[in-house]
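The following note sets out comments on the model shown below. Please read the points alongside the coordinates.

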Amino acid sequence: MTKSELIAKLTSRYPQLVTKDAELAVKTILDAMAKSLAQGQRIEIRGFGSFDLNYRPPRVGRNPKSGSRVEVPEKFVPHFKAGKELRERVDELL
Amino acid sequence: MTLTKADLADLLFDKVGLNKREAKDMVEAFFEEIRASLEEGDTVKLSGFGNFQLRDKPQRPGRNPKTGEEIPISARRVVTFHASQKLKGLVELHYAKQQQRHFNQ
């Protein structure tokens, strides 16, 4: 499912909702989530999961093309942990 | 501070002009559609944010950490999230800015 398919599903779920509003709603939610993580703030959605940041220490990497050493600075990367309901539902049909 | 469904509903009220009830339902529906798609085994790709994928894990040996007893961990399907380059970049940028601020103080 892509973002536009998600928007289409939300529009068909709410017949009174125009596509433009569903588009804006999806954009608003995703932008707020991205902004929250970008500010170092975690996200917690009950029944879906939580997003937080994991620390990666600095390391010496290699440029795969030239083979030369490159210093990779320390950083944070986004991390998702599925919530109970999502975890159980994806595993159910197996 | 943590971003929650209530915060997202407030934003939909402010920015999209949905009423409080509709905003709350829309947030719920947004996550429900993603769950439903993953439940059916379908990957979810949200451009600019990231992809939710499914991984089938084979059975593996495990242990009860309390008793030390060996019990197999059953085969299962799990959800993994891969942040887009854009989201990774935003998060790193924040970190760089924070370091800069710290340095300037």
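**Domain arrangement and one buried threonine**

1. In this predicted model, the centres of domain 1 of chain B and domain 2 of chain B, taken over C-alpha atoms, lie 22 Å apart. Domain 1 covers residues 1–42 and domain 2 covers 43–104; the bounds come from an automatic or database domain assignment.

2. Five residues from domain 1 of chain B and seven residues from domain 2 of chain B form the contact (heavy atoms within 4.5 Å). About 520 Å² is buried between these domains, with carbon and sulfur atoms giving 75%; buried area is the accessible area (1.4 Å probe) that two parts lose on being put together, summed over both. I34(B), L38(B) and D42(B) supply 76% of the area that domain 1 of chain B buries against domain 2 of chain B.

3. Between domain 1 and domain 2 of chain B there are zero salt bridges (a side-chain nitrogen of Lys or Arg within 4 Å of a carboxyl oxygen of Asp or Glu).

4. In chain A, T28(A) is placed in helix α2 (residues 19–38), helices being DSSP runs of H or I with at least four residues. T28(A) counts as buried because its relative accessibility is 8%, the cut-off being under 20% relative accessible area (1.4 Å probe, protein chains only). Not counting residues up to four places away in sequence, T28(A) touches L11(B), L12(B), K15(B) and V16(B).

5. Residues are numbered from 1 along each chain as its sequence is written, and chains are lettered from A in the order in which they are written. Local features need pLDDT of at least 70, and side-chain atom pairs count only at pLDDT 80 or more, while side-chain values use heavy atoms, with hydrogens and water left out.

Conventions: Helix = DSSP H or I, 4+ residues; strand = E, 2+ residues; numbered from the N terminus. Buried < 20%, exposed > 50% of the residue type's maximum accessible area, 1.4 Å probe, protein only.
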